[in-house]
Amino acid sequence: MTTETQPAVDNSRDNRTVLTGKVTSAKMEKTIVVEVLRLMQHPKYRRVVRISKKFYAHDEKREAKQGDTVKIVSSRPISRLKRWRLKEVLTPSAAPGK
């Protein structure tokens, strides 16, 4: 009897966390600050509250400007604060970049 086994397919890069947020700062070299807004129900009062969190993301080509809506994807640690990379710019800001 012979049993054939399929080689294990490595999908570890396919299931990375992707977040969508707005760029609040693009003043650093190859780094953007993205504010991600999410809605959460308050545990005691059961009211829906907005919670925002800032993430530092790596922008290699410096294509994101302040006010843009972007997608960021989790990655290995790049620096002390950066654990995210810019995936794509969804909508550019209406105001011209500085």
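I began with Glu-88, which is partly exposed at 33% relative accessibility (buried is under 20% relative accessible area, exposed over 50%, partly exposed in between, with a 1.4 Å probe and protein chains only). A caution for my own notes: this is a predicted model, where local features need pLDDT of at least 70, side-chain atom pairs count only at pLDDT 80 or more, and totals for chains, interfaces and linings use all residues. Residues are numbered from 1 along each chain as its sequence is written, and side-chain values use heavy atoms, with hydrogens and water left out.

Next I looked up the partner of Glu-88. Its side chain meets that of Lys-71 in a salt bridge, 4.0 Å from N to O (a side-chain nitrogen of Lys or Arg within 4 Å of a carboxyl oxygen of Asp or Glu). Glu-88 lies in strand β5 and Lys-71 in strand β4, so the pair ties together parts 17 residues apart in sequence (strands are DSSP runs of E, at least two residues, numbered from the N terminus). Lys-71 is partly exposed too, at 25%.

β4 (residues 69-74) and β5 (residues 84-91) pair in the antiparallel sense over six bridges (pairing needs at least two DSSP bridges). Val-70 stands opposite Val-89 in β5.

Stepping back, I found five strands closing into a barrel in the order β1-β2-β3-β5-β4, with mixed pairing.

Last, I went back to the salt bridges: the whole structure has three. One of them joins Arg-62 and Glu-29 at 3.3 Å, N to O. Arg-62 sits in the loop between β3 and β4, and Glu-29 in the loop between β1 and β2, 33 residues apart.

How values were computed. Helices (H or I, at least four residues) and strands (E, at least two) are DSSP runs, numbered from the N terminus.
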